[in-house]
Amino acid sequence: MEFNASRLHLPRFRLSIAADLCVETVSVPSDTSNFMVLELFTERRDLMSLPVIDGERPIGLISRNIFMSQMSKPFYHELYGKKSCIAFMDKEPLIVDAAMSIEQLTFRAVESGEKALADGFIVTREGSLAGVGFGLQLMNVVANMQAEKNRQIMHSIDYASVIQRSLLRPSDLALNEALDDAHLEWQPRDVVGGDFYHFARYPDGWFAAIADCTGHGVPGAFMTLISSSTLAQALQQLGPRDPAALIGEVNRGVKSMLGQIESGAAESNDGMDAAFLWFDNASRRLHFAGAKLALYQLDPDQQAVQTVDGERMGVGYVDTPLDHSWTNNTIAIAEGSLLFLTTDGLIDQIGGSKEIAYGKRRMRDVLLAQRTQCARHVSQAMLDDYQAWQGEQPRRDDLTFFCFRP
């Protein structure tokens with residue numbers, strides 16, 4: 001199934017229960033081998049999620065992206081090919097009754113996390129498999145319902161904003177628990193935006209990512225859904241400790257989901273710029289991988305901002321090779337060091353008396369001037385200077401930056 005954010009349309013008719021989103025699909029018994037599942041996914045290119053059943057009762061859901069990624073690893077054919085498909089299935093998918101209301105289904109989908117929106121959900125009737133529903137279709141319907149209730153499309157976008165902010169909330173909580181001196185600023189240009197961030201805490205460190213997806217508003221928000229869900233799957237498969245490998249996995253996932261594998265056949269050319277971080281608590285080493293985004297570092301005994309550039313290769317685009325490998329930069333972080341990540345919404349904003357871009361030099365000047373302050377104070381000073389520079393100029397892009405002291 002190929003997806004193009006620019007070609008999304010809201011349904012013209014009212015849908016009210018989960019059954020209205022239900023699509024009949026093939027399923028496999030729990031004793032089906034992985035070889036048979038591989039054959040089915042190979043034959044059915046449109047099949048993105050495959051229910052696993054015990055009798056008539058669904059017990060799991062196999063994601064095409066995760067399954068194909070796992071089975072492509074060395075020796076996995078030999079190790080798992082003849083084994084039951086339950087080895088690669090999600091054992092706790094979202095399962096809803098066909099009579100459930102769309103409103104209740106929306107809350108359940110958000111509560112269950114990104115996988116329900118990315119891989120879909122199972123619909124049952126009297127406990128038996130009826131079919132599957134898809135997260136993008138659900139978001140489409142939610143937007144349409146809100147527009148009908150309020151007779152204004154802005155209300156549907158407001159509702160989409162609630163969903164987008166709900167998906168970011170777990171990262172906010174994890175950031176507050178992991179770092180005492182940090183601030184993450186996220187301002188969509190419109191009600192919803194094309195920037196997203198992810199933060200997760202682990203026993204031995206933490207992982208952080210910021211990303212700038214193509215598009216603004218609703219198209220950009222759909223791209224954040226695709227990209228963030230692909231990142232969540234990559235973290236589940238690879239763990240958080242190799243940012244460069246994670247960017248590579250997200251690149252493959254985005255290209256596959258959008259059908260951007262071959263330039264001649266692709267109907268879209270969407271992707272993202274990104275910066276991924278892993279910080280190891282014990283060694284105080286920061287591992288950084290960037291795709292067209294840089295890391296800015298200011299050590300306590302220095303009077304200049306150091307720049308660690310990311311690679312000049314975006315993620316997921318048609319021209320980005322499927323097997324492109326990004327590189328990790330490993331940095332020893334001294335106590336008190338100030339670090340800063342930003343999407344280009346800050347640097348590219350037009351303003352000032354000459355109506356030119358805000359630029360990296362002005363950003364570095366603010367960091368230097370505020371280097372002894374806490375991260376929240378530095379961020380507020382950066383935001384104040386940015387807004388003063390913008391003046392009466394329209395906002396050009398979504399704004400996201402991450403300021404922190406590990």
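The buried residues of helix 2 pack against helix 1 (34–43), strand 3 (57–63), helix 3 (76–80), helix 8 (217–238) and helix 9 (243–257). Helices (H or I, at least four residues) and strands (E, at least two) are DSSP runs, numbered from the N terminus, and contact means heavy atoms within 4.5 Å. This is a predicted model, in which local features need pLDDT of at least 70 and side-chain atom pairs count only at pLDDT 80 or more, while totals for chains, interfaces and linings use all residues. Residues are numbered from 1 along each chain as its sequence is written, and side-chain values use heavy atoms, with hydrogens and water left out.

In helix 2, the buried residues are Arg64, Asn65, Ile66, Phe67, Ser69, Gln70 and Met71. Buried means under 20% relative accessible area, exposed over 50%, and partly exposed in between (1.4 Å probe, protein chains only). Because seven of the eight residues of helix 2 (residues 64–71) are buried, helix 2 is largely enclosed by the rest of the structure.

Axes are lines fitted to C-alpha atoms, for helices over the stretch in contact, and angles run from 0 to 180 degrees between N-to-C directions. The crossing of helix 8 past helix 9 is right-handed, that is, the near helix is turned clockwise from the far one by less than a right angle, with anticlockwise for left-handed.

On the helix 8 side, the contact includes Ile226, Leu231 and Leu238, and on the helix 9 side it includes Leu246, Val250 and Met257. The residues of this contact divide into ten nonpolar, four polar and one charged. Here Ala, Val, Leu, Ile, Met, Phe, Trp, Tyr, Cys and Pro count as nonpolar, Asp, Glu, Lys and Arg as charged, and the others, Gly among them, as polar.

An open sheet of five strands has the order 7-18-15-12-13, with antiparallel pairing; two strands pair if DSSP finds at least two bridges between them. Strand 7 (182–187) and strand 13 (306–308) are the edge strands, and each pairs on one side only. From one strand to the next, the twist averages 15°. Strand 15 (residues 338–342) and strand 18 (residues 399–404) run antiparallel and are joined by four bridges, with Phe404 of strand 18 as the bridge partner of Leu339.

Two helices pack on this sheet. Helix 11 (residues 359–369) touches strand 12 (295–298), strand 13 and strand 15, and its direction makes about 35° with that of strand 12. Helix 12 (residues 375–390) touches strand 7, strand 15 and strand 18, and its direction makes about 150° with that of strand 18.

Another open sheet has three strands in the order 4-5-6, with mixed pairing. Strand 4 (95–97) and strand 6 (128–133) stand at the edges with a single partner strand each, so one side of each is left without a neighbour in the sheet. Strand 4 runs parallel to strand 5 (residues 121–125), joined by three bridges, and Val96 stands opposite Val123 in strand 5.

Finally, a hairpin joins strand 8 to strand 9 through two residues. Strand 8 (residues 195–202) is mostly covered, with six of its eight residues buried.
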